[in-house]
Amino acid sequence: MKVTSIEEIKNALQPIANELNVELVDVEFKQGREPALTVFIDTETGVDLNTCETFHRAIDPVLDELDPTFGAPYTLNVSSPGLDRAFKTARDFERNIGKKVEVKLFAPLKGKKFFEAELVAYDGNCVMLKDEKSEFKLEINKIAKINKAITFDF
């Protein structure tokens, strides 16, 4: 199935996100038996069902005009990126400085591929992390996934 580029879809939806004070986090298109376009959004206070519905209704006519699948049917989903979403943008990194993060590496570092640490700094190419023992710099391209650590208070 031929599909409009994700970048073009994001560019078409960004003005609506700005108007509704919503962060356009990511856009994914899954092909297959039931093709689906999923738009991930966030807000300063989080995302609830009403926010998803409002954004869905606002972007529907824009996507109808853009016709990202060139007439082929697809399902449109609008969703929160979830608590454990991977950091993808500079804004994701910057708003989590000083917070505990989970880091999964492509290759082991000191025998570990997974660890938790505090995100101390981000410069676009590297992150500075601090664990119980030390502070260290890690290149972004060595990280398979980095996201906010989720802790539960009991």
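Two strands count as paired if DSSP finds at least two bridges between them. Strands here are DSSP runs of E with at least two residues, helices are runs of H or I with at least four, and both are numbered from the N terminus. The model is predicted, so local features need pLDDT of at least 70, side-chain atom pairs count only at pLDDT 80 or more, and totals for chains, interfaces and linings use all residues. Residues are numbered from 1 along each chain as its sequence is written, and side-chain values use heavy atoms, leaving out hydrogens and water.

**View A. Strand β4 and its partner β8.** Look for β4 running antiparallel to β8 (residues 143-148), with five bridges joining them.

**View B. The hairpin of β4 and β5.** Here β4 (residues 100-109) meets β5 (residues 112-122) in antiparallel fashion through six bridges. Val101 sits opposite Ala117 of β5. Two residues lie between the strands, and Lys110 has a positive phi near 55°.

**View C. The open sheet β1-β2-β3.** Three strands line up in that order, with mixed pairing. β1 (23-30) and β3 (75-79) are at the edges with a single partner strand each, so one side of each has no neighbour in the sheet. On average, neighbouring strands are turned by 15° against each other, direction ignored.

View D. β1 pairs with β2 (residues 36-42) in the antiparallel sense over seven bridges, and Lys30 stands opposite Ala36 in β2. Helix α2 (residues 49-66) packs on the sheet, touching β2 and β3 (contact means heavy atoms within 4.5 Å). Its direction makes about 140° with that of β3, where axes are lines fitted to C-alpha atoms, for helices over the stretch in contact, and angles run from 0 to 180 degrees between N-to-C directions.
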